[in-house]
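These are my notebook entries on one model, written in the order in which I looked things up.

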Amino acid sequence: MRVIFLGPPGAGKGTQARRAAARWGVPWIATGDMLRGAVAAGSPLGRRAKAFVERGELVPDEVVIDLVAERLDRDDARKGFLLDGFPRTLAQAEALERLLAERGVALDRVLDFEVGEEELVRRLAGRRICGRCGACYHVHSSPPQAEGRCDRCEGALVQREDDRPDTVRRRLQVYRAATRPLVEHYRVQGLLEMVPGEGTVEEVFQAVLAAAEGGR
Ligand code: AP5
């Protein structure tokens, strides 16, 4: 299974990717998580990416493409992968096509999550993540058992820097301008499947399975 999860910020890509990757036995490759990890570690890559991520802008294509190229070369990605948050520009999509062609493999499907803007803003405003293990919660739709504490590791829950209202607005603009054109790019290639992203997490998961595993 070689799949891309496409969709606006807050559409539920990460929530669904965690479950889908486990079911398919493929690595979940999330460029946002990789970049945040690099920022937290203070690596040279992280120092370069930090200001872009915090402003809700895209990190330069060549930085992200190199990161994904390295990740695809790891053993666990040979049998498949789930890309979450990459590609996000046409240049990244074309680079991915070259990377896959060099490795003699091809994409199976691209799933585009459809969620209205009001719901995206609601989800991002209420998202909390564990500062220790990265688990994701929502203050209303998936709260932790003890307020402010991760159910898995008891780490403190925090709001992502880029989930503040001004940055969310910027991320949505960036999505519309740079990433939404990819929907057409993949439709033309016959790879696109739409996923209605507004039901419960379980309902959306069933839609993901139907879109990714169903026949065309
Ligand atoms: P990234 O981390 O990729 O952020 P994103 O695409 O904006 O996506 P999110 O993580 O915000 O949302 P999601 O769709 O995963 O939703 P989630 O499942 O968490 O990127 C961050 C930044 O990194 C970018 O702005 C950029 O700077 C940089 N970057 C990353 N990739 C890059 C690239 N390729 N090129 C350049 N720069 C790049 O869900 C959201 C909330 O909703 C959660 O609280 C969740 O609990 C809740 N929720 C989920 N599903 C449901 C549901 N069905 N019902 C109710 N609530 C739900």
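**Entry 1: helix α6.** I asked which elements the buried residues of α6 pack against. They pack against β5 (127-130), β6 (136-138) and α7. The model is a predicted one, and I read every entry here with that in mind. In α6 I listed E119, L120, R123, L124 and G126 as buried. An α-helix has 3.6 residues a turn, so residues three or four places apart point the same way. I then took the direction of the helix: α6 lies across β5 and β6 and runs at about 40° to β5.

Entry 2: I looked up the strand order and found an open sheet of 3 strands, β6-β5-β7, with antiparallel pairing. β6 and β7 are the edge strands, each with a single partner, so one side of each has no neighbour in the sheet. For β5 and β7 I noted antiparallel pairing over 2 bridges. In that pair, C130 stands opposite L157 in β7.

**Entry 3: E154.** I turned to the loop between β6 and β7 (157-158), where E154 lies. Its phi is near 65°, a positive value in a residue other than glycine. Most residues other than glycine have a negative phi, and most peptide bonds are trans. Is E154 buried or exposed? I record E154 as exposed, because its relative accessibility is 58% and the cut-off for exposed is over 50%.

**Entry 4: the parallel sheet.** I next traced an open sheet of 5 strands, ordered β2-β3-β1-β4-β8, in which the pairing is parallel. β2 (28-30) and β8 (192-196) stand at the edges with a single partner strand each, so one side of each is left without a neighbour in the sheet. From one strand to the next, the twist averages 20°.

I went through the pairs in turn.
- β2 and β3 pair in the parallel sense over 3 bridges, and W28 has L82 in β3 as its bridge partner.
- β1 and β3 pair, also in the parallel sense, over 4 bridges; the bridge partner of F5 in β3 is D84.
- β4 and β8 run parallel and are joined by 5 bridges. L111 stands opposite E193 in β8.

I then asked which strands helix α9 (residues 201-213) touches. It packs on the sheet and touches β1 (2-6), β4 and β8, and its direction makes about 150° with that of β4.

Entry 5: I checked both faces of β3 (residues 81-84) and found both covered. F81 and L83 on one side, and L82 and D84 on the other, are all buried. Two of these residues had already come up as bridge partners: L82 for W28 and D84 for F5. I moved on to the loop between β3 and α5 (90-102), where P87 is found. The peptide bond from F86 to P87 is cis, with omega near 0°.

**Entry 6: helices α7 and α8.** Two packed helices are described by the angle between their axes and the distance between the axes. The axes of α7 and α8 (residues 181-188) come within 5 Å and cross at roughly 35°. R176, A177, A178 and T179 in α7 meet P181, L182 and V183 in α8. I sorted the residues of this contact into 5 nonpolar, 1 polar and 1 charged.

**Entry 7: the second largest pocket.** I noted a volume of about 180 Å³ for the second largest pocket. Of the 14 residues that line it, P8, F113, V115, Y175 and R180 are the closest to its centre. Which elements give two or more residues to the lining? They are β4 (109-114), α6 (117-126) and α7 (165-179). The lining residues divide into 8 nonpolar, 1 polar and 5 charged.

**Entry 8: R48.** I record R48 as partly exposed, because its relative accessible area is 45%, between the cut-offs of 20% and 50%. Leaving aside neighbours within four places in sequence, R48 is in contact with P60, E62 and V63. I also looked up D66, 18 residues from R48 along the chain: their C-alpha atoms are separated by 13 Å.

Definitions and conventions
Residues are numbered from 1 along each chain as its sequence is written. This is a predicted model: local features need pLDDT of at least 70, side-chain atom pairs count only at pLDDT 80 or more; totals for chains, interfaces and linings use all residues. Side-chain values use heavy atoms; hydrogens and water are left out. On a 1 Å grid over the protein atoms alone, a cavity is a set of points where a 1.4 Å probe fits but cannot get out, and a pocket is an open set with protein on both sides within 12 Å along at least five of seven lines; lining residues have an atom within 4 Å of a point. Grid points are joined across faces, edges and corners, and a volume is the space filled by probe spheres set on the points. Ala, Val, Leu, Ile, Met, Phe, Trp, Tyr, Cys and Pro count as nonpolar, Asp, Glu, Lys and Arg as charged, and the others, Gly among them, as polar. Two strands pair if DSSP finds at least two bridges between them. Axes are lines fitted to C-alpha atoms, for helices over the stretch in contact, and angles run from 0 to 180 degrees between N-to-C directions. Contact means heavy atoms within 4.5 Å. Buried means under 20% relative accessible area, exposed over 50%, partly exposed in between (1.4 Å probe, protein chains only).
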